[in-house]
Amino acid sequence: MDIKDIQNLIKFVSKAEVSEVKYKTKDFEITIKTPLAGSDAVYAQPAVYHTAPQAVAAPVPVATPAAPAAEKAEAASDDSKYVTIKSPMIGTFYRKPSPDKDVFVNVGDEVSVGKVVCVIEAMKLFNQIESEISGKIVKILVDDATPVEYDQPLFLVDPS
């Protein structure tokens with residue numbers, strides 16, 4: 001099963017309004033869970049079996065924001081004029097094509113439709129993510145070499 005098949009499966013499951021789908025082969029297993037309330041949240045947990053033991057990272061606790069409500073409302077209204085570039089897949093986000101190369105984009109850089117903005121590695125495949133809009137990068141929402149979920153915001157772009 002390649003990454004396009006996984007993406008299509010995730011889209012199908014989210015539109016089919018089922019709560020859970022499991023797909024298993026002899027060396028690959030994926031479980032996709034969705035809430036039945038019609039929410040857009042999609043959770044997928046791929047499990048790949050290797051012959052060599054793998055180190056498992058401990059879950060990172062989620063910090064609760066301590067900003068006052070007024071600051072939150074102001075930040076939300078500022079971000080509403082921007083367009084979000086979202087992750088089309090689950091994987092590891094990289095800002096560079098390789099460790100010895102420069103980053104694809106920085107804050108303040110102009111991007112055009114089709115320009116590569118990052119790479120997402122999924123199952124040892126490095127997928128170039130291209131911008132679907134033209135504008136200026138305002139904010140990078142994900143740290144380099146961190147895991148990302150399907151439809152997770154990666155960049156904020158000012159289209160003006």
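Among contacts in the chain between residues at least 6 apart in sequence, 50% join residues at least 24 apart; a contact here means heavy atoms within 4.5 Å. The model is a predicted one, in which local features need pLDDT of at least 70 and side-chain atom pairs count only at pLDDT 80 or more, while totals for chains, interfaces and linings use all residues. Residues are numbered from 1 along each chain as its sequence is written, and side-chain values use heavy atoms, with hydrogens and water left out.

The chain holds two helices and 11 strands. Both kinds of element are DSSP runs numbered from the N terminus, with helices (H or I) of at least four residues and strands (E) of at least two. Read from the N terminus, the order of elements is α-β-β-β-α-β-β-β-β-β-β-β-β. Of the 160 residues of the chain, 28% count as buried, where buried means under 20% relative accessible area, exposed over 50%, and partly exposed in between, with a 1.4 Å probe and protein chains only.

Two sheets are described here. Strands of a sheet pair through backbone hydrogen bonds, either parallel or antiparallel. Two strands are taken as paired if DSSP finds at least two bridges between them.

Strand E6 (residues 110-111) is joined to strand E9 (residues 135-140) by two bridges, and the two run antiparallel; Glu 110 stands opposite Lys 136 in E9. On to strand E11 (residues 153-158), E9 pairs in the antiparallel sense over four bridges. Within that pairing, Lys 139 has Leu 156 in E11 as its bridge partner, and Ile 140 has Phe 155 in E11.

Val 157 is found in strand E11. Why does Val 157 count as buried? Val 157 has 0% relative accessibility, and therefore counts as buried. Leaving aside residues up to four places away in sequence, Val 157 touches Tyr 82, Val 83, Ile 85, Val 111, Ile 133, Ser 134, Gly 135, Lys 136, Ile 137 and Val 138. One of these residues, Val 111, lies 46 residues from Val 157 along the chain, yet their C-alpha atoms are separated by 8.5 Å.

The other open sheet also has antiparallel pairing, and its four strands follow the order E8-E7-E5-E10. E8 and strand E10 (146-148) stand at the edges with a single partner strand each, so one side of each is left without a neighbour in the sheet. Neighbouring strands of this sheet are turned against each other by 40 degrees on average, direction ignored; the axes are lines fitted to C-alpha atoms (for helices over the stretch in contact), and angles run from 0 to 180 degrees between N-to-C directions.

E7 and E8 pair in the antiparallel sense over six bridges, with Val 116 opposite Glu 130 in E8. These two strands form a hairpin with two residues between them, and Met 123 in the turn has a positive phi of about 55 degrees. Strand E5 (residues 91-94) pairs with strand E7 (residues 116-122) in the antiparallel sense over three bridges. The bridge partner of Thr 92 in E7 is Glu 121. Thr 92, in strand E5, counts as buried because its relative accessibility is 19%. Not counting residues up to four places away in sequence, Thr 92 touches Val 119, Ile 120, Glu 121, Ala 145, Thr 146 and Pro 147.

Rolling a probe the size of a water molecule over the atoms shows where empty space is left. A pocket is an open set of points, on a 1 Å grid over the protein atoms alone, where a 1.4 Å probe fits, with protein on both sides within 12 Å along at least five of seven lines; lining residues have an atom within 4 Å of a point. The second largest pocket holds about 190 Å³ of space, the volume being the space filled by probe spheres set on the points, which are joined across faces, edges and corners. Its lining includes Val 83, Ile 85, Lys 86, Pro 88, Glu 130, Ile 133 and Asp 151. Strand E4 (83-86) and strand E8 (125-130) each supply at least two residues of this lining, and E4 gives the most, with four.
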